[in-house]
Amino acid sequence: MSELDKLISELAATARNTREAVRKAKEETGKEAAGCFLGFGPEELADAAGLLPVSVWGDDREIEKARRYYPAFFCAPVQQMLEQAMGGEYDGLLSAMIMPVYCDALRSAGQNFKTAVPHIPVIPVVYPANRKGRSGREFLASEYRSAGKALEKITGKKITEKALQDSIEVYNRYRSAMREFVKEASGHPDIITPYLRHMLIKAAGCQDKRIYTEKIGRLTRLLKKEPVRDWNGNKVILTGILLESEQILKKMESHNLAVLSDYLLQESLQFQTDAPVEGKDSFYRLACRFADLKFCSVAMDPEKSRISRLCEEAIENQAGVIVCIPSFCDPEEYDYPLMRQALDEKGIKHICLELNTSFVSSQAETLLQTFAEMERGREK
């Protein structure tokens with residue numbers, strides 16, 4: 001097995017068993033872990049407080065215990081996360097849960113978590129809709145300061161300006177390394193399949209970013225040494241919240257579909273934007289990172305720039321588009337009619353996969369197969 005294959009296998013194994021990976025990372029670093037639910041943690045705060053930030057997204061499972069708090073027609077990741085927590089899967093693993101609030105579903109998520117899982121402290125962070133102006137940035141900076149104080153109480157360690165500056169530098173290096181990786185990976189679809197691409201990115205969420213950044217940087221350097229081979233399949237762009245489905249990702253591979261790029265909250269949107277180098281303080285710099293974010297449904301954008309960007313990239317690269325929406329995700333479902341209209345007008349092949357709250361439906365597989373056949377037909 002080559003060095004590249006070994007590294008891919010190691011990172012993919014980490015992503016397949018995230019809880020075990022977090023336990024191992026806690027032992028290696030000597031840190032307690034803080035969960036960061038559904039993106040934009042902010043992980044830098046937890047890191048500066050001496051904690052190990054861990055990404056939490058939920059996973060495919062039947063919902064039983066969480067039904068006491070949510071109706072069936074509710075955001076899938078929120079239900080899945082609470083089901084995991086009520087099943088004891090975070091016990092002894094997480095010392096806190098940082099809970100973002102940037103959509104209606106998340107407004108109640110923190111309160112329900114407090115009631116259902118009272119032994120794990122919840123730290124809410126409310127994200128402003130009007131995020132780009134000075135007032136929005138100031139508001140979010142104040143939310144981060146409040147979250148920082150809550151983390152300090154848990155760890156007994158003060159978040160100094162120097163510690164937060166250092167954490168921002170660590171995360172900016174990580175984000176830069178990830179952008180380089182996904183760019184290089186798109187040129188090697190024969191090696192980095194859709195499933196492996198997802199797992200390699202996911203592995204970042206359960207390791208110290210200093211360690212992970214070194215690994216993904218080494219992997220990228222090894223990829224660059226590989227020859228670029230002709231690809232006889234089709235390429236797609238993913239967009240939405242997440243595509244946390246081994247079943248669908250491997251079906252994409254069987255249909256000869258490769259991922260050109262993505263605009264998924266769980267993947268590239270996590271490392272699309274760096275914290276700026278300058279700002280009145282580090283809390284404000286973190287707020288500016290969210291303010292500068294593009295192409296994301298949970299970050300308000302009246303211009304809907306994601307839609308035009310998707311059309312431009314799809315046309316330029318002759319790629320199709322796959323929209324990935326968890327069941328009952330309001331921000332994505334509000335955007336999709338406009339996105340569909342624009343893609344249809346431009347003649348861009350696309351499908352929308354609505355992923356159920358338990359397991360991926362056979363309907364999603366059928367849609368994917370139909371899409372793959374349409375793409376092959378276009379190629380001919």
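Analyst: H8 contributes five residues to the lining of the largest pocket, the most of any element. Helices (H or I, at least four residues) and strands (E, at least two) are DSSP runs, numbered from the N terminus. This is a predicted model, in which local features need pLDDT of at least 70 and side-chain atom pairs count only at pLDDT 80 or more, while totals for chains, interfaces and linings use all residues. Residues are numbered from 1 along each chain as its sequence is written, and side-chain values use heavy atoms, with hydrogens and water left out.

Helix H8 spans 194–202. Elements that each supply at least two lining residues also include helix H1 (3–16), helix H2 (18–29), strand S2 (52–56) and helix H7 (161–185).

A pocket here is an open set of points on a 1 Å grid over the protein atoms alone, where a 1.4 Å probe fits, with protein on both sides within 12 Å along at least five of seven lines; lining residues have an atom within 4 Å of a point.

By class, the lining has 22 nonpolar, 13 polar and 13 charged residues. Ala, Val, Leu, Ile, Met, Phe, Trp, Tyr, Cys and Pro count as nonpolar, Asp, Glu, Lys and Arg as charged, and the others, Gly among them, as polar.

The largest pocket holds about 900 Å³ of space. Grid points are joined across faces, edges and corners, and the volume is the space filled by probe spheres set on the points.
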